[in-house]
Amino acid sequence: MDALPVVGTPVLLELEGVTWRLELVAPAFHDARFIRLAMGEMPPLELMRLEKGRRVACRFHEGQILGAFEGRVAGVVKEDGRAILELDRPASISRSPRRKHVRVNRHVAMKLRLPLRNEALGRALGKDFIMLCWVQATAVNISAGGVRVVLELPRHHSAAPHREAVLRFDLSELHIHDRKVNLVRRDWSTGDTVMIYTFVDLSPEEVQAIEAYNMNWLGSVVAAPAKEPS
């Protein structure tokens, strides 16, 4: 049986396209049958209501190592005033080196195709109305590993839960058109609709082109003369 990360390690749990940050806590009475994840002071209802036996995907970082496992929900318990999600201990935990890419904070215009929920039509119909739509977006940072984008949604629309989207953008002479990206998580720290995606099938040449573009841009920023204070 593979070794668990140390107690206190943050664990990212993915559920229906949303990623939740939990924390690995010590097993109760040294019971090694479960992985126990603390859900914080205000546990999300989506996790509190998980049915027993449901499979969830989890990942964690150990320095430059990325760990991942799939767990089966055993239940939710209360301990010292906090809610703890218990998962059956997985038979295996994968570990692999984290990919390193140059990431820069800059705005790049993009288009994404993803499922949108039409809230006004849904209220009229009395049920969710979801369809795939192309929307305008702006990447606020980008690397050969993925992008963080701010979506420009039509009025009365919201992003529906999803695992993947389709992306279009141009970066200098590089043209990425209609390529699949996987959703890592939604960033709820802002009122904007901010999504973080990873590239799925970039070629080595495209990875190198994005890396070179970012390095050149960083070099131009460093080389730019500082402005005199006004």
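**Exercises on a predicted model**

Arginine 168 lies over the face of tryptophan 134, at 3.9 Å from the ring centre. A charge sits over a ring if NZ of Lys or CZ of Arg is within 6 Å of the ring centre and within 35 degrees of the ring normal. This is a predicted model, where local features need pLDDT of at least 70, side-chain atom pairs count only at pLDDT 80 or more, and totals for chains, interfaces and linings use all residues. Residues are numbered from 1 along each chain as its sequence is written, and side-chain values use heavy atoms, with hydrogens and water left out.

**Exercise 1.** Find the ring under the charged end of arginine 186.

*Solution.* Go to tryptophan 188. The charged end of arginine 186 is 4.0 Å from the centre of that ring.

**Exercise 2.** Describe how strands S4 and S5 pair.

*Solution.* Step one: locate the strands (DSSP runs of E, at least two residues, numbered from the N terminus). S4 covers residues 55–62 and S5 covers residues 65–79. Step two: apply the pairing rule, under which DSSP must find at least two bridges between the strands. S4 and S5 have eight bridges, in the antiparallel sense. Step three: pick out one bridge. Arginine 59 has alanine 68 in S5 as its partner.

**Exercise 3.** Follow S5 into strand S6.

*Solution.* S6 spans residues 82–88 and pairs with S5 over seven bridges, again antiparallel. Glutamate 79 faces arginine 82 in S6. Two residues separate the strands of this hairpin. Aspartate 80 takes a positive phi there, near 55°.

**Exercise 4.** Classify the pair of phenylalanine 60 and phenylalanine 69.

*Solution.* Step one: recall the rule. Rings of Phe, Tyr and Trp (its six-membered ring) pair if their centres lie within 6.5 Å; planes under 30 degrees apart are stacked, over 60 edge-to-face, and the rest tilted. The count by this rule is two aromatic pairs. Step two: apply it. The centres of phenylalanine 60 and phenylalanine 69 are 6.3 Å apart, with 45° between the planes, so the pair is tilted. Step three: check burial (buried is under 20% relative accessible area, exposed over 50%, partly exposed in between, with a 1.4 Å probe and protein chains only). Phenylalanine 60 is buried because its relative accessibility is 2%. Phenylalanine 69 is buried too, at 6%.

**Exercise 5.** Is serine 158 buried or exposed?

*Solution.* Serine 158 lies in strand S11, residues 157–159. Its relative accessibility is 16%, so serine 158 counts as buried. Its contacts (heavy atoms within 4.5 Å) include Pro115, Arg117 and Leu153, leaving out residues up to four places away in sequence.

Technical notes: Helix = DSSP H or I, 4+ residues; strand = E, 2+ residues; numbered from the N terminus.
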